[in-house]
Each structure stands twice: as structure tokens, then as C-alpha cells.
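Dear colleague,

Here is the structure I promised to pass on.

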Amino acid sequence: MTTPTPSSATPTVAAHPVATNTYDLQAYCYKSGPATLLTGQPAYQGKGPHPVLLATTSPTPLSVNQSPLPSPGETSTAPAHDTYHPDPAKAQLVACVVNKGKGKLVTTCRYNDDFVRYFRQGQYDVTVYEARTGRRLGTTKVVGDDQFKCLAQETFLQGEPQSKTEWLDPSLPAFRKALAPWVNAVKS
């Protein structure tokens, strides 16, 4: 006769961990990498598109990470496909995006004669990793938008610098083009 194990017993560690949130995958973007490889992630194989998580270590996240994004071929009536904003447990790729901190001036916005915002076209380096193995697959570059219209009004926080540079992020089509060699690849 066996005795049931109480639920308070020491839990077993999953032999093949899977990402439970975007931060698990974002760890690939740090110099030290993730504490544990996410060996339970889906394999980077088969016909694309392969789900990719766009991540950054920047204190100012990319706007593309903020909301679900449409995927190639999506129409306004079709359900969203999760290629560029996947459930973390389904991501096959991680694209680490780093702002190089340079780019051409797009526009200057002045507010209340005291505050100035310089909007620059960001230049970004992107390194692509396989989520399951942590293997570096390659690098590419992508540039931010080259147009920006100043807002009629802007709210400024007390103590905020009067002069500040803002970097314009790349659009989703720019990321699609830059990441196509990995996202759309047929892998065996």
C-alpha cells in the first residue's frame, strides 16, 4: 500500500522549462543570458512564420512590445495571428533590440517656450536567438520611423529636463522586413 504524498511536499523542477512571461525570454538579451535555458520552448523548425518575441533591455521599452501586433497576411476581418507578439510559451525566437543612440534629426517640438523635444530616427541593432537553445542565429539592423508630427500639447512632469531627445521606434513593417530571414525560414 502506498501513502499519498502531501501537496506541501517539495515540488519537482520541470526538466524542460518553458517561458511563462515575456521577462523569461527577455533574459536572452542580457549579457549574462537566462539563468536556465528554456528547453521546453517549441523547436525552431518547420515552415514559417516562426513566433518571435521582440525584446529590449532598454529602460524605455519599444512601442512594438506594448500591444498585440498584426502578423503578415492578417486582414481587418481575420483573427490576429501571434507571430510578432506570441504567447511566451509558444515563442521560437527572441529578437533582442538595442538602440544605438544615434540617428538623424526628424523634427524639433517646442512647448510653452521652455520645453524642447528632439525626435530622432532611431538606429537599432537586432540579435536573433533561438528560444529553446539560446543559440545566436544572427544579427540585423533596423531604423526607426522618419516622420513625426509634434503634438499640439504636451504634459511635463516636475523636474523633467527642459530639453530631451526621443528616439523614434521602427514600425512593424520594418521589423517584418528585418526579421524575415528567420521568421519566414523553412527549418528542418
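Buried means under 20% relative accessible area, exposed means over 50%, and partly exposed is in between (1.4 Å probe, protein chains only). This is a predicted model, in which local features need pLDDT of at least 70 and side-chain atom pairs count only at pLDDT 80 or more, while totals for chains, interfaces and linings use all residues. Residues are numbered from 1 along each chain as its sequence is written, and side-chain values use heavy atoms, with hydrogens and water left out.

Aromatic pairs

Rings of Phe, Tyr and Trp (its six-membered ring) pair if their centres lie within 6.5 Å; planes under 30 degrees apart count as stacked, over 60 as edge-to-face and the rest as tilted. By this rule there are two aromatic pairs. Tyr-28 and Tyr-129 are stacked, because their ring centres are 6.4 Å apart and their planes stand at 25 degrees. Helices (H or I, at least four residues) and strands (E, at least two) are DSSP runs, numbered from the N terminus. Tyr-28 lies in the loop between helix H1 (22-26) and strand S1 (52-55), and Tyr-129 in strand S5 (residues 123-130), so the pair ties together parts 101 residues apart in sequence. Tyr-28 is buried at 5% relative accessible area, and Tyr-129 is buried at 18%.

The other pair, Phe-119 with Phe-148, is also stacked, at 4.0 Å centre to centre and 20 degrees between the planes. Phe-119 sits in strand S4 (residues 115-121) and Phe-148 in the loop between strand S6 (136-143) and strand S7 (163-168), 29 residues apart. Phe-119 is buried, with 9% relative accessibility, whereas Phe-148 is partly exposed at 32%.

Helix H2

The buried residues of H2 are Leu-172, Phe-175, Ala-178, Leu-179, Trp-182 and Val-183. They lie on the same side of H2, because they cover an arc of only 140 degrees around the axis (taken from the directions from the helix axis to the C-beta atoms). The face turned away from that side carries the exposed residues Pro-173, Lys-177 and Pro-181.

Salt bridges

A salt bridge is a side-chain nitrogen of Lys or Arg within 4 Å of a carboxyl oxygen of Asp or Glu. The structure holds four. One of them joins Arg-117 and Glu-166 at 3.9 Å, N to O, linking strands S4 and S7 across 49 residues. Arg-117 is buried at 3% relative accessible area, and Glu-166 is partly exposed at 28%. Glu-166 also bridges to Lys-164, at 3.8 Å between the closest N and O atoms.

Regards
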